[in-house]
Amino acid sequence: MCGIIGVIDKQREFMDGSALRDSLSIMNERGSGEGAGYAAYGVYPDYSELYAIHVFYDNLVEPKTQVEDLLETWGMIEHDEEIPTWEQNGIRKIHIPWRYFFRPKTRLMQRSRTPDDEIVKYIVMEVNKSIKGALVFSSGKNLGVFKASGWPEEVANFYRIENYEGYLWLAHNRYPTNTPGWWGGAHPFNLLNWSVVHNGEITSYGTNRRYIESFGYDCSMYTDTEVVAYLMDLLIRRHELTQELAVRALAPPFWEEIERMPEKEQKLTKALRLTYGSAMMNGPFAIAVASPDSMVGFSDRIKLRPLVIGEHDNRLYISSEEAAIRTIDSSITNIYMPRAGDPIVGRTIA
Amino acid sequence: MIIGSRPTKFQVAIDNDQCMLCERCIENCSYGVFRRDNEKILINSRNCVACHRCISQCPRDAIIIKERPCDYRSHPVWTAQVKENIFKQAESGKILLGGMGNAAPYPIIFDQLVLDACQITNPSIDPLREPMELRTYIGKKPKKLEFVKNATGDMDLVTEIAPNLKVETPIMIGHMSYGAISLNAQLSLARAVSEVGTFMGTGEGGLHKALHPYQNNMIVQIASGRFGVDVNYLERGAAIEIKIGQGAKPGIGGHLPGEKVCTDVSCTRMIPEGSDAISPAPHHDIYSIEDLKQLVLSLKEATEWNKPVFVKVAAVHNVAAIAAGIARSGADAVVIDGFRGGTGAAPTIFRDHVGIPIETAVAAVDAKLRKQGIRNEVSIIASGGIRQSADVAKVICLGADAVYIGTAALVAMGCRVCGTCYRGLCTWGIATQRPDLVARLNPDEASQNVKNLIDAWTLELAEFMGAAGINSIESLRGNRDRLRGYMLDQSMLDVLDVKTIGA
């Protein structure tokens, strides 16, 4: 089932995490107390030019040494610390969350158009595939993912989420089926600047995984959602599609609709479907994807999962439930449900 | 005379209480099993091939055919088949011929793969209520799209997509030439594919003018004999296929006996009447992958880059690397013909012992192309042993874009897979050029049967997809997560990249 909530402030005004905690908790009906998480953009202004790499360590001996060796090989750790946590009734610190502020050595990845990103992507894939007892779960600039296994309010209090201020938040209340209790399985999933929360199950996962792996991404989280983050990274960063076009590639219109489009749009949409057929996502889903200057929400082509949009002044909300939006903003009036597959995009203008 | 008579393969009997002496069996049997003697039908069982034509026409169900009525002494090594082959070769000193596909009892991998369905965590989709997309585009796709921002700030597409075939269902009909099969058989198939919105191959037999009305749904073939090929032929086809090899007889050529080259066949193939039509083993202008590239590009140039060009190869051990070479040749699709692929005539020893099954070939090719980042360069068409819609679904999960069926389409027209195509006496009017036999196949009826078959499989495919929570064929393609291996060994699971049941 799962519940999602996202909010973006177009003027980049900051919100602390407490409202998100309350909003996510209102959807506890949609979760099972085995996973929740928050992604916040703008939380590390002092290190905004550095990659904030969040790692779960099983212990601080072998895995930590190995991760730090890898980081030092590819760049410089400018600062690192344990992410402060406070144990809750429901959450014991079975993994130790650590964060690094990392500057890659650009010259080591000359063949890429975005060498720094490519280095960090490589490190994330390498750690998650090869280093036992370490898992990178957040790797963007000036953003952080905070997640664990527990109810939304427990996870929020574990990290004291109210201490973080961001202009864009995504949060997720999990009802796991694949990997209950595993912290890495909680959402949001993040790669570089992309964060994803997802309600549903991607029936095309096998196709999507084979496709994305042929571009050098490794799916190591045992769950379908991570593939969305990688697809967004591929389509938008590496293939330079706009967000709208990327969403149209992932949840394209039916052929019947395409045939009714004006010629130019028809040609473009057909080209997207042909080229990115293996990236297309099938099955029931509602997804919100964030990047530093935008948030996109979309559902599967026949809308088998709920998706509600709210707009008020500078804020755009994406959620599974209207109640979750109203918990954050009680005076909101503009709430609607988008058509299946249609992307709803909120962008920062400041 | 040393070897003498062998037990008959089939024993035919007539229930004389039922028989009304209508003589339909005599008329219908082209192999000379039946004749009339006063008030009785006499039988020569030795001539019977079990084509069942007599049974299908008998109004009284009076005919009974039994297989192997007389046993040899059983032996696990020196089976009846082995012994009889030796008898035949001891007498003739020749290569033995057979029709249809591989008849050796290898395990069928398709039957050890099972499909998936949704329960609770995601809903299955009802194809009767929701759209279900089986349309497939066969041809080259770009790796990525290029756009430019125009004056109004919108994105304009710069990339031009190469011509693709639009196929309404991923089931096409493979290449069976005029010569190997009758004109009525080709006409029936052609009408069926044009009604369904799919395609069929001409085979290496040219394109008879009676098929011109259906040319938009026909893929014209260029094989090593170059029969029937001129620019007019190329231009008529919706796509062009270069045949390098076929699953029933990888690595060897073809031979249409002169007796089958009647006036009409001679005109269509552009060869003298009554002459043997011999297709050499290799193309004598393709001795390397570079040569293939030249032919692909020449064909494109000749047709002004309007037609996709396919390359068909037999599934052999190194098929993945071969397909990767083809993908780099400029070809738009690679057709892989597994070792169960049918044929009009092949040396049985080849048919049964050379090549690999289509399931493993598709899995290996798809994996290799993805690894090299060139999967979008070509579509993969799987053929050879596709018997039912489940096979179509499974091979698409393994990575194929579409399938060719051959034998299944013939069976839809009456073929009983008797394996005697090479004798040209097909009682069903399919694999023959004898006018009286050809006339038995009515294209109005047979085309409907073939269309029904494709329609029925398409419906079943839609149900499989809906049950798996998938509403577009793209999401089934290469989706090996939706397959599980049932009692396959680990090395096979690794090749297929499929998990075992329960995992």
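**Helix α2 of chain A**

Author: In this predicted model, α2(A) buries Pro63(A), Lys64(A), Val67(A), Leu70(A), Leu71(A) and Trp74(A). These residues lie on the same side of α2(A), because they cover an arc of only 130° around the axis. The general rule is simple: an α-helix has 3.6 residues a turn, so residues three or four places apart point the same way.

Now the helix as a whole. α2(A) runs over residues 62-74 of chain A and has 13 residues. From first C-alpha to last, α2(A) reaches 19 Å.

What do the buried residues of α2(A) pack against? Their partners in chain A include four strands: β4 (51-57), β5 (75-82), β6 (96-104) and β7 (134-138). The helix α3 (115-130) is also among the partners.

Elsewhere in chain A, one backbone detail deserves a check. The peptide bond from His187(A) to Pro188(A) is cis, with omega near -5°. Pro188(A) sits in the loop between β10 (168-173) and β11 (189-191).

Phi of His52(B) is near 65°, which is positive although the residue is not glycine. His52(B) belongs to the loop between β3 (40-43) and α2 (53-57) of chain B. His52(B) is partly exposed, at 31% relative accessible area. Val417(B), also not a glycine, has a positive phi near 55°. Its loop joins α12 (407-412) and α13 (435-438) of chain B. Val417(B) is partly exposed, at 43%.

Methods:
Residues numbered from 1 in each chain as written. Chains lettered and ligands numbered in written order. Predicted model: local features only at pLDDT ≥ 70, side-chain atom pairs only at ≥ 80, totals over all residues. Heavy atoms only, no water. Helix = DSSP H or I, 4+ residues; strand = E, 2+ residues; numbered from the N terminus. Expected span 1.5 Å × (residues − 1). Buried < 20%, exposed > 50% of the residue type's maximum accessible area, 1.4 Å probe, protein only. Arc of directions from axis to C-beta. Contact = heavy atoms within 4.5 Å.
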